Amino acid sequence: MNEPSHPPASKVHVGRLATVTVERPRCPACGSAALRKYRSIRDQGDGSSIWWVRCECGERFRVLLE
Ligand SMILES: [Zn+2]
């Protein structure tokens, strides 16, 4: 069933998009961004993800992506 009240996607105003910067996760021990992900949960059920990563310095930690 058609819903003619919905504007076509091309008419949606896109002139003023905000920019949101997502920073790279960094090692809490040495600050490096050279991390290796060895385990992850893509969606914990609330839309967030979690990674278990290991830094090149040997530090292991988790990264929560909200
Ligand atoms: Zn490190």
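This note goes through a predicted model point by point, from the overall fold to single residues.

1. Overall content. The secondary structure of the protein comes to three strands and zero helices. Along the sequence the pattern reads β-β-β. Of the 66 residues, 2% count as buried. Among the contacts with a separation of 6 or more, 27% are between residues 24 or more positions apart.

2. The three strands form an open sheet in the order 1-2-3, and the pairing is antiparallel. Strand 1 and strand 3 are at the edges with a single partner strand each, so one side of each has no neighbour in the sheet. From one strand to the next, the twist averages 30 degrees. In a regular strand, side chains alternate between the two faces of the sheet.

3. Strand 1 with strand 2. Strand 1 covers residues 35–41, and strand 2 covers residues 49–55. The two pair in the antiparallel sense over six bridges. Two of the facing positions can be named here. L35 stands opposite C55 in strand 2, and S40 stands opposite W51 in strand 2.

4. Strand 2 with strand 3. Strand 3 takes in residues 60–65, and six bridges join strand 2 to strand 3 in an antiparallel arrangement.

5. The hairpin turn. Strand 2 and strand 3 form a hairpin with four residues between the strands. Within this hairpin, G58 takes a positive phi near 105 degrees.

6. How open is strand 1, and how many of its seven residues are buried? The number buried is zero, so strand 1 lies largely in the open.

7. I50, a residue of strand 2. I50 lies in strand 2 and counts as partly exposed because it has 15 C-beta neighbours inside 10 Å; a residue needs 20 or more to be buried. Leaving aside neighbours within four places in sequence, I50 is in contact with S40, I41, Q44, R62, V63 and L64. The C-alpha atoms of I50 and R62 are separated by 6.8 Å, although the two are 12 residues apart along the chain.

8. The loop between strand 1 and strand 2. Which residues does Q44 touch, not counting those up to four places away in sequence? They are S49 and I50. Q44 is in the loop between strand 1 and strand 2, while I50 is in strand 2. Q44 counts as exposed because it has 11 C-beta neighbours inside 10 Å, and the limit for an exposed residue is 12 or fewer.

9. D46 is exposed, with 6 other C-beta atoms within 10 Å. From D46 to E66 the C-alpha distance is 8.9 Å, and the two residues are 20 apart in sequence.

10. The segment before strand 1. Is E23 buried or exposed? E23 is exposed, because 6 other C-beta atoms lie within 10 Å. E23 has its place in the segment before strand 1.

How values were computed
Residues are numbered from 1 along each chain as its sequence is written. This is a predicted model: local features need pLDDT of at least 70, side-chain atom pairs count only at pLDDT 80 or more; totals for chains, interfaces and linings use all residues. Two strands pair if DSSP finds at least two bridges between them. Axes are lines fitted to C-alpha atoms, for helices over the stretch in contact, and angles run from 0 to 180 degrees between N-to-C directions. Two residues are in contact if their C-beta atoms, placed from the backbone, lie within 7 Å.
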